[in-house]
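User: Please take me through one part of this model in detail, and say how each term is defined as you use it.

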Amino acid sequence: MPVKVTRREQDILMISLDGSLCAGMELELREVLDKELATTKKLELDLSNLTYISTEGLREILRAQKIINGLGGSMTVRNVNREIMEEFEMIGFVKFLNIE
């Protein structure tokens, strides 16, 4: 499964993404977010195994940030590889995402 969910504490949700976040996988991520975010105060996205991200995938990350902000929570993106970080920088995601 390319989207792996691990809830470490009651209000902390960690999602690990593997492979490519593109058409199809982005729908899987959307389903998980729609199901889990209502009870989450802190969302952590682990991108250590993500090798590619499409515009659909970028849109889902942006959507997750907007939802968690609206709930008064926070989101952290961890372990971003060089290629994906370059995309984040190019489109301005580094200005509003908390990236570690």
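Analyst: Strand 1 and strand 2 form a hairpin with 2 residues between them, where helices (H or I, at least four residues) and strands (E, at least two) are DSSP runs numbered from the N terminus. This is a predicted model, in which local features need pLDDT of at least 70 and side-chain atom pairs count only at pLDDT 80 or more, while totals for chains, interfaces and linings use all residues. Residues are numbered from 1 along each chain as its sequence is written, and side-chain values use heavy atoms, with hydrogens and water left out.

Helix 1 covers residues 25–36, 12 residues in total, and reaches 17 Å from its first C-alpha to its last, close to the 16 Å expected at 1.5 Å a residue, a span calculated as 1.5 Å times one less than the number of residues.

The buried residues of helix 1 are M25, E26, E28, L29, V32, L33 and E36; buried means under 20% relative accessible area, exposed over 50%, and partly exposed in between, with a 1.4 Å probe and protein chains only. Seen down the axis of helix 1, these buried residues fall within an arc of 155°, so they line one face of the helix, the arc being that of the directions from the helix axis to the C-beta atoms. The face turned away from that buried side carries the exposed residues E31 and K35.

How values were computed:
Two strands pair if DSSP finds at least two bridges between them.
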